[in-house]
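Here is a report on one protein chain. Keep the sequence and the 3D view open as you read.

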Amino acid sequence: AKLGESFAGLALALAAYLLLNTINPRLVSQSIEVEGVNVGVEVYDRADDAAFMTNLQTYSTSGITGDINDETTRAYLSHQQGRGGFRSIVQAAQSGGQVSSTIQTNMSHNFNRASAQQTIGTRTLTPATFLQYWSLKIAAVKRTGGTGIPPAINSALQTVSQETGVSLATLQTICKIESYGCTNPNAKNPGGYAGLFQLSNKVFQKSSGVWEEYKKPVATNIFDPYHNAYAAARYVKYNLAP
């Protein structure tokens, strides 16, 4: 009797397996796959960063024409969104398509709607309006050149420009946007990004980032103007490479 019950149980289990396998083979797969879940670093909301936005608002876009193909514009937005993120935004803007939910979130964290309304006349965030807003703001900052940057910091940027081939104007512009005018080498925001170029890093975040990937091997201080700028410049070169 027990042997018969065992066979009956085995037959029932086999029938259940066959039924589930027919409905969806993944239901009986030994591997587990998770789709549609974005696991990554926490995105710091700079659109609501009062100091960041106050600094950005000091640069007037009056008389400015934005150019998404400008090297400095491409360099900054790649610095902000990552190489793949920036290229996806451009492609979506040109085709009228959509970006991934992760990129959409990253855009929203860098798109202050009140500032956008004032700058481009709309609060609506799309890949096209994102690029329109930032191309104007970047051009406005670039127009100011090295004005307001402390001599010691500007000298570090000049040295890095000469050593890496990244234009001084590009370094000055990114620095001015990222660290509230390129005046405070010790700048660090609540997201853990640090230094003049607000680099991701293992010092204040959970994992290695741009700082560890692109710094000089001898560099130990993320807040050193020269070394922070050098890592940022190498990241720019990577982002702008074909």
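A nonpolar core is a set of buried Ala, Val, Leu, Ile, Met, Phe, Trp, Tyr and Cys residues joined through side-chain atoms within 4.5 Å. Buried means under 20% relative accessible area, exposed means over 50%, and partly exposed lies in between (1.4 Å probe, protein chains only). This is a predicted model: local features need pLDDT of at least 70, side-chain atom pairs count only at pLDDT 80 or more, and totals for chains, interfaces and linings use all residues. Residues are numbered from 1 along each chain as its sequence is written, and side-chain values use heavy atoms, leaving out hydrogens and water.

**The chain and its core**

The chain has eleven helices and zero strands. Helices (H or I, at least four residues) and strands (E, at least two) are DSSP runs, numbered from the N terminus. Of the 242 residues in the chain, 43% are buried. A contact means heavy atoms within 4.5 Å. Among contacts with a separation of 6 or more, 57% join residues 24 or more positions apart.

Which residues touch the most other members of the largest nonpolar core? They are Phe130, Trp134 and Phe197, in a core of 57 residues. Helix α7 (residues 127-143) gives the most to this core, with nine residues. Phe197 has contacts that include His79, Leu157, Leu171, Ile174 and Ala232.

Start with α7. Of its 17 residues, 13 are buried, so α7 is largely enclosed by the rest of the structure. The expected span of a helix is 1.5 Å times one less than its number of residues. For α7 that gives 24 Å, and its end C-alpha atoms are 24 Å apart, which agrees. Just after α7, Gly145 has a positive phi of about 55°.

Now take α4 (residues 83-95). Its 13 residues should span 18 Å, and its end C-alpha atoms are 19 Å apart, which agrees. The buried residues of α4 are Arg83, Gly85, Phe86, Ile89, Val90 and Ala92. These residues pack against α3 (71-81), α5 (101-108), α7 and α11 (225-240). Gly96 follows α4, and its phi is positive, near 75°.

**Aromatic rings**

A pair of aromatic rings is described by the distance of the centres and the angle of the planes. Rings of Phe, Tyr and Trp (its six-membered ring) pair if their centres lie within 6.5 Å; planes under 30 degrees apart count as stacked, over 60 as edge-to-face and the rest as tilted. The structure holds eight aromatic pairs. Two of them are set out here.

| Pair | Centre to centre | Angle of planes | Type |
|---|---|---|---|
| Phe204 and Phe223 | 5.8 Å | 50° | tilted |
| Tyr235 and Tyr238 | 6.5 Å | 15° | stacked |

Phe204 lies in the loop between α9 (168-178) and α10 (210-214), and Phe223 in the loop between α10 and α11, so the pair ties together parts that are 19 residues apart in sequence. Phe204 counts as partly exposed, at 35% relative accessibility. Phe223 counts as buried, at 19%.

Tyr235 and Tyr238 are three residues apart in helix α11, so about one helical turn separates them. Is Tyr235 buried or exposed? Tyr235 is buried, because its relative accessibility is 11%. Tyr238 is partly exposed, at 40%.

Ring pairs also link Tyr76, Phe111, Tyr133 and Trp134 into a cluster.

Charges meet rings too. A charge sits over a ring if NZ of Lys or CZ of Arg is within 6 Å of the ring centre and within 35 degrees of the ring normal. Arg83 lies over the face of Tyr238, at 4.8 Å from the ring centre. The charged end of Lys216 sits over the ring of Tyr230, 4.9 Å from its centre.

Gln198 sits in the loop between α9 and α10. Gln198 counts as buried, at 4% relative accessibility. Its side chain makes a polar contact with the side chain of Asn189 (3.0 Å). A polar atom of the Gln198 side chain also lies 3.1 Å from the backbone oxygen of Ala187.

Thr72 lies in helix α3. Thr72 counts as buried, at 0% relative accessibility. Its side chain makes a polar contact with the side chain of Lys142 (3.1 Å). Thr72 also touches residues including Ile138, Ala169 and Thr173.

Terms used:
Polar contact = N/O pair within 3.5 Å; in protein donor to acceptor, adjacent residues only side chain to side chain. Lists of a residue's contacts leave out its neighbours within four places in sequence.
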